[in-house]
Amino acid sequence: MSRKTKPGRALVFAALGDETRLSLVARLSGGRPHSIARLTEGSAVSRQAITKHLHVLESAGLVRSVRVGRESLYEFDPEPIEDLKGYLDRVSLQWDDALSRLKSFVEEQPRDQVSL
Amino acid sequence: MENTIEKQIDLKAPVSRVWRAITDYREFGDWFRVKLDGPFVAGQPAQGQITYPGYEHVTWRAVVQKMEPETLFSFTWHPYGIDPKVDYSVETPTLVEFRLEPLPDGTRLTLTESGFDNVPAGRRDEAFRMNEGGWTEQMKNIEKHVTQN
């Protein structure tokens, strides 16, 4: 399977914003690849719908299809989720820094002492 | 993993002081480390040069959304969009909100940043319209799965 250009983070977030897709990711995140038939077992959703959801996950880079013999299986790729987490952690850390600077600013400069 | 960043900080300064520090463009620029071209105006874009060491070449851009005196200041932007090779204008911006509440001895500031899952209109797939709520909980489940494996 050729590696496509890296999907946008928003696309990954959006792909995960659906219960059926989340349950598919949850099943595949065990590490073992599964066939569409296997993933449809015990699901209230049709095989066709599962296929469609897998394609959405695939376009977000969350799963990829692998061929095993004559069978096409889907496997989980943790990288986009790890990337999202790292990204949010970085943005979050930047806010911690900015807010601690704001705290010093308002607590140490109660009057108009703009230092630019 | 959350879809929204939320921070809360108590400041030993009156609400009026904090409001000025976040909405006066010079004061904002001081602690946020950006030299803004002009005042914040609701509904208007704002921009300036980052003054954070090492990032002085980067232009800071946001669009001011709401300015409700001493209560709410919000803008949309591309969070820390500092890679000059990336065209952030095609990405959907996130929403940053500063909410102020008076405390007996100061001000409680709640900062939220949301909208990380907004997909640019051009990339919307029909399937994404099937989105359902409550996925923050689900993300936690996924993360648990991912970290356990």
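Where in chain A is Glu71(A) placed?

## Glu71(A) and the basis of the model

Glu71(A) lies in strand β3 of chain A, which spans residues 71-76; strands here are DSSP runs of E with at least two residues, helices are runs of H or I with at least four, and both are numbered from the N terminus. With 12 C-beta neighbours inside 10 Å, Glu71(A) counts as exposed, given that a residue is called exposed at 12 or fewer other C-beta atoms within 10 Å of its own, buried at 20 or more, and partly exposed in between, with C-beta atoms placed from the backbone. Between the C-alpha atoms of Glu71(A) and Arg21(A), which are 50 residues apart along the chain, the separation is 21 Å.

This is a predicted model, in which local features need pLDDT of at least 70 and side-chain atom pairs count only at pLDDT 80 or more, while totals for chains, interfaces and linings use all residues. Residues are numbered from 1 along each chain as its sequence is written, and chains are lettered from A and ligands numbered from 1 in the order in which they are written.

## Two helices of chain B

Helix α1 (residues 15-23) and helix α2 (residues 25-32) of chain B have axes that come within 5 Å and cross at roughly 80°, where axes are lines fitted to C-alpha atoms, for helices over the stretch in contact, and angles run from 0 to 180 degrees between N-to-C directions. α1(B) and α2(B) are therefore roughly perpendicular to each other, a label that covers angles of 65 to 115 degrees, whereas those under 35 count as roughly parallel, those over 145 as roughly antiparallel and the rest as oblique.

On the side of α1(B), the contact is made by Arg20(B), Ala21(B), Ile22(B) and Thr23(B), and on that of α2(B) by Glu27(B), Phe28(B) and Trp31(B); residues are in contact if their C-beta atoms, placed from the backbone, lie within 7 Å. These residues divide into 4 nonpolar, 1 polar and 2 charged, with Ala, Val, Leu, Ile, Met, Phe, Trp, Tyr, Cys and Pro counted as nonpolar, Asp, Glu, Lys and Arg as charged, and the others, Gly among them, as polar.

α2(B) is mostly covered, 7 of its 8 residues being buried, namely Tyr25(B), Glu27(B), Phe28(B), Gly29(B), Asp30(B), Trp31(B) and Phe32(B). Their cover includes α5 (79-108) of chain A as well as α1, β2 (34-36) and β3 (45-50) of chain B. Arg26(B), also found in helix α2 of chain B, is partly exposed, with 14 other C-beta atoms within 10 Å, and its C-alpha atom is separated by 8.3 Å from that of Gly38(B), 12 residues apart along the chain.

Arg33(B), which follows α2(B), has a positive phi of about 65° although it is not a glycine. Arg33(B) is placed in the loop between α2 and β2 of chain B and is partly exposed, with 18 other C-beta atoms within 10 Å.

Glu70(B), likewise not a glycine, has a positive phi of about 60°. The place of Glu70(B) is the loop between β4 (59-68) and β5 (72-77) of chain B, where it counts as partly exposed with 16 C-beta neighbours inside 10 Å.

Definitions and conventions:
Two residues are in contact if their C-beta atoms, placed from the backbone, lie within 7 Å.
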